[in-house]
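Please read them with the structure open.

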Amino acid sequence: MSDPYGDRGNKDLSVGNAKGMGSVIPKAGGTSFAAPGGPFLIGDSMTAGYGNGPDILHDCTIAVEEGEIAVIVGPNGAGKSTAMKAVFGMLDMRKGHVRLDGEDITDLSPQARVAKGMGFVPQTSNIFTSMTVEENLEMGAFIRTDDFSDTMAQVYDLFPILKEKRLQAAGELSGGQRQQVAVGRALMTQPKVLMLDEPTAGVSPIVMDELFDRIIEVARTGIPILMVEQNARQALEIADKGYVLVQGANAYAGTGKELLADPEVRKSFLGG
Ligand SMILES: Nc1ncnc2c1ncn2[C@@H]1O[C@H](COP(=O)(O)OP(=O)(O)O)[C@@H](O)[C@H]1O
Ligand SMILES: [Mg+2]
């Protein structure tokens, strides 16, 4: 092949999943987008805020189906990270529920959710910078009592650069490599679902493409992915489902394709 990068995954339709595709639903706050049987992971009609502060999320719903990639986009401060934290159990839910594989986990701690199969890569402070790459991966396996060397080998297969740098302090790595450490660390628990908050923040377009390719690869192994992205257009291109959040509420939801084609979404959130 003359251009080995010509068919990179961003436009790869083979990860698409025709089942359960809905239509664009403007101003759909309060509506659950659950398909029959329910999505694999759903934060359903969430109203939540920090401490005793005001509600940040208003009847907000985000979800991901088995075998799919779901992407959450929206302006800065829209509550995307808050929605992810709510799904992971990091703030008190005032209304709404979180269900994983049909089970209501609204009252579980984040640690208990990890034990149930949730992997979460937060937007900030997602690696231990003074520890080596390998130590970070070992920390990721903290809940495991079995031999995790196979999983570590899989992470190194997925991110070969991490194997090369495994004895280096994670803080010495580039932005894109640090994000690989963070994703790799989350994979060490062998999660059933992976939540990523802005995995491509601050990286170059080429590195972003590569990270998206690796994320698609993870999804292909059967791990559904719920991810926040500020690179809205590129992320929606690889998304089975997309959500646009505005001021803590659902503004639009649909397949990635539908959102990319929607004139209102394009005008307001994708730069025309
Ligand atoms: N730890 C926190 N304590 C109090 N308010 C917060 C905290 N984190 C975020 N917020 C507020 O919640 C709102 C949504 O923020 P965030 O979820 O980070 O938005 P996004 O991820 O979409 O940029 C903002 O008004 C922000 O100031
Ligand atoms: Mg955020």
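How many helices and strands does the secondary structure of the chain come to?

1. Basis. This is a predicted model, in which local features need pLDDT of at least 70 and side-chain atom pairs count only at pLDDT 80 or more, while totals for chains, interfaces and linings use all residues. Residues are numbered from 1 along each chain as its sequence is written, with chains lettered from A and ligands numbered from 1 in the order in which they are written.

2. Overall make-up. The chain has 10 helices and 10 strands; helices (H or I, at least four residues) and strands (E, at least two) are DSSP runs, numbered from the N terminus. Of the 272 residues, 43% are buried. Here a residue is buried if 20 or more other C-beta atoms lie within 10 Å of its own, exposed if 12 or fewer, and partly exposed in between, with C-beta atoms placed from the backbone. Among contacts between residues at least 6 apart in sequence, 70% join residues at least 24 apart; two residues are in contact if their C-beta atoms, placed from the backbone, lie within 7 Å.

3. Ligand 1. The residues around ligand 1 are Tyr 50, Gly 53, Ile 56, Gly 74, Asn 76, Gly 77, Ala 78, Gly 79, Lys 80, Ser 81 and Thr 82; a residue is near a molecule if its C-beta atom, placed from the backbone, lies within 6 Å of it. By class the shell has 3 nonpolar, 7 polar and 1 charged residues. In this count Ala, Val, Leu, Ile, Met, Phe, Trp, Tyr, Cys and Pro are nonpolar, Asp, Glu, Lys and Arg are charged, and the others, Gly among them, are polar. Helix 1 (residues 80-87) gives the most to this shell, with 3 residues.

4. Helix 1. This helix is mostly covered, with 7 of its 8 residues buried: Lys 80, Thr 82, Ala 83, Met 84, Lys 85, Ala 86 and Val 87. Gly 89 follows helix 1 and has a positive phi, near 85°.

5. Ala 86. Not counting residues up to four places away in sequence, Ala 86 touches Gly 43, Met 46, Ala 48, Leu 57, Leu 91 and Met 93.

6. Helix 3. In helix 3 (residues 133-140) the buried residues are Val 133, Asn 136, Leu 137 and Gly 140. They lie on the same side of the helix, because they cover an arc of only 100° around the axis; the arc is that of the directions from the helix axis to the C-beta atoms. An α-helix has 3.6 residues a turn, so residues three or four places apart point the same way. The buried residues of helix 3 pack against helix 4 (149-158), helix 5 (160-164) and helix 6 (175-187).

7. Leu 167. The loop between helix 5 and helix 6 holds Leu 167. With 9 other C-beta atoms within 10 Å, Leu 167 is exposed. Leaving aside neighbours within four places in sequence, Leu 167 is in contact with Thr 132 and Glu 134.

8. Helix 7. The 16 residues of helix 7 (residues 205-220) should span 22 Å at 1.5 Å a residue, and the end C-alpha atoms are 22 Å apart, which agrees; the expected span is 1.5 Å times one less than the number of residues. The buried residues of helix 7 are Met 208, Glu 210, Leu 211, Phe 212, Ile 215, Val 218 and Ala 219. These pack against strand 3 (69-73), helix 6, strand 7 (193-197), strand 8 (225-228) and helix 8 (232-237).

9. Nonpolar core. The largest nonpolar core has 71 residues, and those with the most contacts inside it are Ala 83, Met 195 and Ile 225. Such a core is a set of buried Ala, Val, Leu, Ile, Met, Phe, Trp, Tyr and Cys residues joined through C-beta atoms within 7 Å. Beyond its neighbours within four places in sequence, Ile 225 is in contact with residues including Val 64, Ile 69, Ile 215 and Val 218.

10. Backbone to check. Asp 101 is not a glycine, yet has a positive phi of about 50°. Asp 101 lies in the loop between strand 4 (93-100) and strand 5 (103-104). Gln 247 also has a positive phi, near 45°, and is in the loop between strand 9 (241-246) and strand 10 (249-255).
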